[in-house]
Amino acid sequence: MQLMVTNQTRRSLLKAALLGAAVPVLPFGCSSTTAHSKRDPALIGCALQSKHKYLAVVADKWGKPIQTLAIPERGHGVAIRPNINSPYPNQAVVFARRPGSYFMVFDYQTGEQVHLSVKGQNRHYYGHGVFSLDGSLLYATEGVSNTSQGVIGVYDALNGYKKVDEFTGFGIGPHEVIIMPDGRLAIGVGGVDTDGRTPKNLKTMKPSLSYLSATGELLEQVELADKQLSIRHLAHDGDDTVLCGQQYRGEPDEYPALLAMHTQGGRLEQLKAEPEQWARFNHYIASIAASDEWIIATSPRGNCYGIWSKQTKELVELSSLTDASGAVFMGEEFRLSSGAGEVVSQTEPSEKTSIQTLTQWDNHWSSI
């Protein structure tokens with residue numbers, strides 16, 4: 001399928017992409033590249049450099065930046081390509097923040113840009129995507145620009161990221177898509193029709209957690225009772241449990257639960273906290289990460305994060321973190337990022353350390 005874009009859009013993005021050379025970074029002022037070259041890439045996220053200047057940042061396992069890549073517009077989520085038997089190893093994709101106009105593929109070892117995909121005619125990106133388990137396909141959340149009708153764009157990662165299919169029929173305003181261990185796609189369908197970032201249908205929105213097969217068949221769709229809880233961000237626990245985080249679009253003085261969990265064939269079960277504790281999250285969950293025991297979720301709007309017991313679904317810790325952003329589970333630890341540059345390492349409630357990276361982390365992290 002040939003994508004059609006305006007010459008102006010293509011020229012502006014390609015011009016910005018010329019800035020996309022790798023820039024080695026040492027967070028503590030060292031000018032030598034020898035020391036940091038020994039550190040292995042482990043985390044990738046977006047960051048703010050200055051007004052109207054945005055970065056994709058490759059960091060080591062502690063969240064200390066190794067190198068950066070300039071990106072055309074503000075970034076959001078990052079997809080990392082599986083390296084198993086891949087003819088194109090070490091690739092990651094950064095997606096523009098909604099309504100996004102591009103995604104960029106780059107080599108996270110060298111920092112070199114591999115491919116820049118510009119949105120198709122009457123399409124925009126929602127900021128997230130994921131690779132198939134074998135790394136041959138990239139799935140991206142997209143929308144029809146004048147209706148917000150949901151689309152999963154399917155791109156051939158073995159053939160220059162050419163768009164080869166579109167999955168539809170699951171709702172409007174999809175945000176995050178993740179892939180389950182069995183290859184199913186789980187989609188957080190926000191249900192909101194927007195003009196740019198302005199919502200148009202808050203009284204009639206229909207959010208859902210939807211599952212598609214690898215060929216686009218709608219397998220299952222579950223909903224919350226409160227239709228003004230827009231389902232946005234997702235994670236799974238390494239098995240068959242999906243966690244979904246919501247943005248509440250209802251009355252400003254109401255504070256419903258913002259996290260839920262689901263297993264195939266069951267219902268969405270809301271996680272538990274007191275209304276005053278949910279109020280700390282300021283109606284919005286950003287990143288989610290889960291182990292077989294704990295669930296962690298951040299709120300940049302609330303400058304906080306929470307930890308829930310997966311077994312009891314009870315909130316067990318609520319901690320302050322300025323502009324709390326990314327969350328991943330790697331090894332036996334959670335890593336959390338902050339727009340103030342702080343990186344928190346947490347093994348379980350009350351057991352954590354933090355460092356300062358001097359990077360203004362933005363939105364999400366992905367682990368390699």
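Visitor: Which residues of β24 are buried on one side and which on the other?
Guide: Trp 294, Ile 296 and Thr 298 are buried on one side. Ile 295, Ala 297 and Ser 299 are buried on the other. Both faces of the strand are covered. Buried means under 20% relative accessible area, exposed over 50%, and partly exposed in between (1.4 Å probe, protein chains only).

Visitor: What sort of model is this?
Guide: It is a predicted model, where local features need pLDDT of at least 70, side-chain atom pairs count only at pLDDT 80 or more, and totals for chains, interfaces and linings use all residues. Residues are numbered from 1 along each chain as its sequence is written, and side-chain values use heavy atoms, with hydrogens and water left out.

Visitor: Back to β24. How many of its residues are buried?
Guide: Six of six, across residues 294-299. Strands here are DSSP runs (E, at least two residues), numbered from the N terminus.

Visitor: In what sense do β23 and β24 pair?
Guide: Antiparallel, over three bridges. Pairing means that DSSP finds at least two bridges between two strands. The two form a hairpin, with three residues between them.

Visitor: Which residue in β24 is the bridge partner of Ala 289?
Guide: Ile 296. On the β25 side, Ile 296 stands opposite Ile 307.

Visitor: How many bridges join β24 to β25?
Guide: Six, and the strands run antiparallel. β25 covers residues 304-309. This pair is a hairpin too, with four residues between the strands. Asn 303 sits in that turn, with a positive phi of about 55 degrees.

Visitor: New topic. Where does Ser 338 lie?
Guide: In strand β28, residues 333-338.

Visitor: Why does Ser 338 count as buried?
Guide: Because its relative accessibility is 0%.

Visitor: Which backbone oxygen does the side chain of Ser 338 reach?
Guide: That of Thr 322, at 2.6 Å. This is a polar contact: a pair of N or O atoms within 3.5 Å, where, within protein, one must be able to donate a hydrogen and the other to accept it, and residues adjacent in sequence count only if both atoms are side-chain atoms.

Visitor: What else is Ser 338 in contact with?
Guide: Beyond its neighbours within four places in sequence, the list includes Leu 321, Asp 323, Ser 325 and Trp 361. Contact means heavy atoms within 4.5 Å.

Visitor: Now a loop. Where is Arg 39?
Guide: Between β1 (22-24) and β2 (43-50). Arg 39 is partly exposed, because its relative accessible area is 21%.

Visitor: Which side chain does the side chain of Arg 39 make a polar contact with?
Guide: That of Asp 60, at 2.7 Å. A polar atom of the Arg 39 side chain also lies 3.3 Å from the backbone oxygen of Pro 65. Arg 39 and Pro 65 are 26 residues apart along the chain, and their C-alpha atoms are separated by 9.7 Å.

Visitor: Last one. Where is the place of Tyr 255?
Guide: In the loop between β20 (241-248) and β21 (259-263). Tyr 255 counts as partly exposed, because its relative accessibility is 32%.

Visitor: What is Tyr 255 in contact with?
Guide: Pro 275, Trp 278, Ala 279 and His 283, leaving aside neighbours within four places in sequence. The Tyr 255 side chain also reaches the backbone oxygen of Pro 252, at 3.4 Å. The C-alpha atoms of Tyr 255 and Glu 274 are separated by 9.0 Å, with the two residues 19 apart along the chain.
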